[in-house]
Structure formats: structure tokens, C-alpha cells
Amino acid sequence: MITRRFQLLLIVVVASFCVSMVSADDQQYEWKVGLATVKITPAEPVRMAGYGSKEREQPFDSVAADLFAKAMVFEDAKGHQSLLITTDLIGLTDAVLEPIYRRITEKTGLGRDQILINSSHTHTGPVLGLDANQLEYLKNPAHIEATIRYTRGLSDGIVDLAVEATNKLESARLSWGVCVATFVMNRREFTERGVRLGVNARAMADRSVPILKIESPKGKLRCVLIGTACHNTTLRGQAMQISGDYAGYAQQYVEKQFESAQAMFMQGCGGDADPFPHGSEGLARIHGMTLGKEVERVLETDLTPVRGPLTTLLEPVALPLQQEISKETYDKLERASGSTRNVASNLREALKSDTQLPASYKSRIGLWQFGEDLTLVSLPGEVVVDYVGLIEEAIGPRKLWVSAYNHDVFGYLPSARVLREGGYEMRGIYSGGIGIFSPDVERVVVEKVHALAAKAGRPDVKIHTQQ
Ligand SMILES: [Zn+2]
């Protein structure tokens with residue numbers, strides 16, 4: 001009898017243990033995820049963005065690889081959603097993005113804080129624009145019209161993509177991990193003429209590759225989001241073929257290896273990083289395959305589960321600009337590579353005509369908190385690598401993914417160090433205004449990220465603030 005009772009007790013204990021195992025497991029399945037992809041390769045020849053070279057005065061001549069926009073909708077157990085859209089594009093500005101955000105909100109009911117649009121910053125993609133005046137620099141009216149036509153079609157495609165993803169929610173399990181991209185190289189080379197665009201293997205670059213894995217409850221890979229902090233500039237100004245550069249090839253590789261999975265690419269703080277070496281389509285494919293294989297390798301390991309609830313925040317931020325340009329700043333701008341010289345002459349012109357330089361540039365910073373497991377920071381603009389360390393210091397380095405080239409890509413977001421040293425990345429705003437950021441911009445950005453992380457309940461903020 002005693003034995004029988006013991007057996008029964010054992011069964012009850014084992015059964016309740018199993019129940020608790022199932023409920024712990026269930027927590028991992030509390031997500032629903034919707035996915036969608038749309039090809040955005042221009043159907044007609046349009047001008048290419050990213051370099052002001054002579055060749056680029058003509059439309060592209062061929063397509064080396066198609067461009068895509070991809071969407072992923074997350075829904076937590078309480079039904080709170082967010083929508084991430086990644087694009088093989090150079091950078092979406094406010095002028096192009098605002099109508100897209102508005103239309104997505106109207107069609108899906110998602111608030112602005114729930115929508116995040118990132119650009120891979122490929123330099124072998126199309127010029128974008130909806131306003132003929134802003135595209136005047138293309139000079140050729142037929143080219144301007146073709147660009148506007150393309151951008152309208154692209155906008156429709158992105159809105160439809162968002163709607164499609166929100167309509168395709170399925171139960172999913174999320175996990176994440178970090179691997180490494182060896183081709184990411186700091187490009188701020190110190191020369192006797194100042195900081196030039198080049199190669200600097202001793203300087204800092206964020207070579208980490210965060211990945212977010214989305215599986216079906218049965219463990220089938222449905223999607224992988226890949227982050228890398230590096231310009232998509234393996235192809236230079238002479239390249240006249242459309243291509244997503246290394247990011248496009250990495251997505252292609254992963255999608256080929258894991259049939260039916262969607263690969264997405266999210267740019268990080270690679271404002272001062274270039275792929276190394278660079279200069280050919282072949283190298284873009286090699287870098288893409290290197291990244292794809294690295295992702296594949298890490299997908300073979302056990303990643304860290306990502307649970308809810310999901311908190312989505314997006315707040316306006318006034319990024320401070322220099323209102324008076326010192327002789328020293330002009331000198332640095334004139335010594336820097338390429339079109340930065342034009343920035344100096346534009347500023348001189350503006351000041352000559354008594355135009356008051358604006359005190360700040362209005363942008364937005366976002367933060368999505370996934371339970372206690374992951375914080376995704378979304379910065380705007382071309383952000384230099386220093387911000388990764390600064391943000392880690394402010395809100396703790398663990399369970400953190402810092403992305404850039406989100407929301408409005410208005411120009412470069414330099415650190416105080418970059419502004420002090422000079423070089424191409426100090427050039428500031430190149431779209432939607434004019435201005436060189438003040439060194440104080442660093443503090444403003446980091447304080448905003450800290451405030452958002454605290455508001456979203458990121459656990460490490462408390463730990464870090466107490467230290
Ligand atoms: Zn850039």
C-alpha cells in the first residue's frame with residue numbers, strides 16, 4: 001500500500017513537473033510573427049545613389065542582384081504589435097517616409113512607435129525622391145521623372161508589404177545571439193592632410209553581428225534578422241549595376257540555405273565603417289557569403305530565448321547644431337574627402353546671405369523592449385561607431401542591439417571625438433536642411449536612449465545606474 005501511495009505521489013510529482021516544463025516552454029511560444037517580402041528592383045533604368053561620380057550621371061545599366069523590402073510583424077501574448085521593415089536602399093528621408101508611415105498607420109492601426117523602417121545603405125541602389133525641386137541636381141528632367149515614378153511605386157509596395165505582414169500572423173518562437181563580421185573596417189585614415197576616407201585597422205569598428213531567429217513552434221526556421229554595422233560600399237562609384245551589396249548577398253545566401261525562410265538585414269552604427277577590401281561585385285558576393293555562413297554557423301547553436309511583453313517607444317529629439325561655424329571647422333571640412341568641401345561652401349553661402357543657421361535638427365529615436373531579454377535601440381541617420389560604446393556605458397552592454405539608419409536618414413550623426421578630429425563623417429546634414437552637429441549632440445542622443453530604456457523597463461538600466 002505504501003509503495004502504491006509512493007508510486008501515485010511520484011506520478012503526481014512527475015506530472016506537475018511536466019506541466020511546469022510545458023508552461024515554461026509555452027512562454028517561448030507567446031509570440032505571433034507575420035512575414036512578407038516584396039521585390040523593389042527598379043523596372044526601368046533610373047539614376048543610382050551614393051556617389052557623385054561621372055558614371056553616375058547616367059541610369060544603371062544592368063541588375064547584378066535584385067533589391068527587396070521585407071517586413072516582420074511581432075505580436076506579444078497581449079496582442080501588442082510592432083512592425084519592422086528592412087530595405088535594400090541607400091536611406092529613406094523624412095520627405096519619402098512621412099507619407100509611407102501615414103498610410104501604414106491608416107491601413108493597419110499601428111502607431112508611429114510601433115513602426116521601424118531601416119535601410120541597408122546600399123550604394124548600388126536607386127536615387128529616391130518625390131519632389132522635382134529636391135531632385136534638381138540630377139539635371140535631366142526625364143531622369144527626375146523616372147525617379148519620382150520609381151519612388152511612388154516603391155512607397156505603394158512598402159505600404160502593401162506592411163499590410164500583408166500584419167495579415168499573416170502565425171505562432172512563433174524568438175531567440176537571439178551574436179556572431180562576428182571580419183570584413184568590417186574603420187575607414188577614418190589619419191594622414192598628414194587630416195582624416196581621409198581610407199582604411200584604419202587599428203581604429204574601432206563594431207564587428208558584432210546580432211541575429212534574431214524566428215522559428216515555428218515545431219522549430220522550423222521562418223526568419224532571421226541579421227545586423228551588421230558597415231556601409232554597403234563594396235561596390236564603388238564606377239559600378240553601374242543594381243545590387244544590395246554584401247547585405248543583399250548575405251540575405252540571398254541564408255534564404256538559399258534555409259529554404260522557405262526569410263532573411264532580413266538591419267544596418268548598425270557603421271557610419272565610419274566600410275567593407276574591406278572593396279572594389280568589385282565579386283568582393284561584395286564574398287563578403288555576403290562570409291556573413292551568411294557566419295549566420296548559418298551560429299544558427300546551429302542554441303540561441304537565447306526572447307520573451308515578451310513587447311514595449312514600443314519612439315520619441316522626438318532635437319539634435320543640436322553649431323550656429324556659428326569656426327575657422328577651424330571650415331578648415332576641417334575643407335581638408336576632408338569628397339563632397340564635404342561642398343558642405344563648407346554651402347555653409348559660407350548661407351551665412352553670407354544672413355540666413356540664421358538652425359539651432360537643432362528634429363529627429364526621432366526609438367526603443368523596443370522584448371521582456372527582460374532584449375533591447376533594440378533604433379537611432380536615425382548615419383551613426384558612427386562611438387555611439388555603441390556610449391550607449392553600452394549608459395544602459396549596460398548586455399542584451400542590447402543598437403541599430404542605425406532608421407527613421408529619417410538625414411545625414412551623418414558624428415560623436416564629439418569625430419567632430420574634434422574632423423573627416424568625412426563630421427559633414428552633418430545632407431538631406432532636409434543644412435548644418436554641422438554640435439559636440440553636445442552626443443550627450444543629447446545618449447540621454448534620450450537612457451530615458452527610453454528606463455521608461456521601457458530595461459532591467460540593466462537600474463543595475464547600471466546604481467553602480
Ligand atoms: Zn554613408
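**Chat: strands, core and helices in a predicted model**

Reader: Which residue is the bridge partner of Trp 31 in β6?
Author: In β6, Trp 31 has Ala 172 as its bridge partner. Residues are numbered from 1 along each chain as its sequence is written. This is a predicted model: local features need pLDDT of at least 70, side-chain atom pairs count only at pLDDT 80 or more, and totals for chains, interfaces and linings use all residues.

Reader: How many bridges pair β1 and β6?
Author: Three, in the antiparallel sense, between β1 (residues 31-39) and β6 (residues 170-180). Two strands pair if DSSP finds at least two bridges between them. Strands (E, at least two residues) and helices (H or I, at least four) are DSSP runs, numbered from the N terminus.

Reader: Which residues stand opposite Trp 176?
Author: In β10, Leu 212 stands opposite Trp 176. In β15, the bridge partner of Trp 176 is Thr 304. Eight bridges join β6 to β10 (residues 208-215), running antiparallel. β15 (residues 304-305) pairs with β6 over two bridges, also antiparallel.

Reader: New topic. What is the mean pLDDT?
Author: The mean is 92, and 93% of the residues reach 70 or more. pLDDT is the predictor's confidence in each residue, from 0 to 100.

Reader: Where is the pLDDT below 50?
Author: Over residues 12-22. Beyond near neighbours in sequence, that stretch has zero contacts in the model (a contact means C-beta atoms, placed from the backbone, within 7 Å). Where pLDDT is low, predicted coordinates should not be read in detail.

Reader: How many residues are in the largest nonpolar core?
Author: It has 130 residues; Ala 71, Met 72 and Ile 226 have the most contacts inside it. Such a core is a set of buried Ala, Val, Leu, Ile, Met, Phe, Trp, Tyr and Cys residues joined through C-beta atoms within 7 Å. Buried means 20 or more other C-beta atoms within 10 Å of a residue's own; exposed means 12 or fewer, and partly exposed is in between. Helix α3 (residues 141-166) gives the largest share, eight residues.

Reader: What does Met 72 touch?
Author: Not counting residues up to four places away in sequence, its contacts include Val 33, Leu 35 and Met 264.

Reader: Why do the buried residues of α10 line one face?
Author: In α10 (residues 441-455), Val 441, Val 445 and Leu 452 are among the buried residues. Seen down the axis, the buried residues fall within an arc of 140°, so they line one face of α10. The arc is that of the directions from the helix axis to the C-beta atoms.

Methods
Two residues are in contact if their C-beta atoms, placed from the backbone, lie within 7 Å. The expected span of a helix is 1.5 Å times one less than its number of residues.
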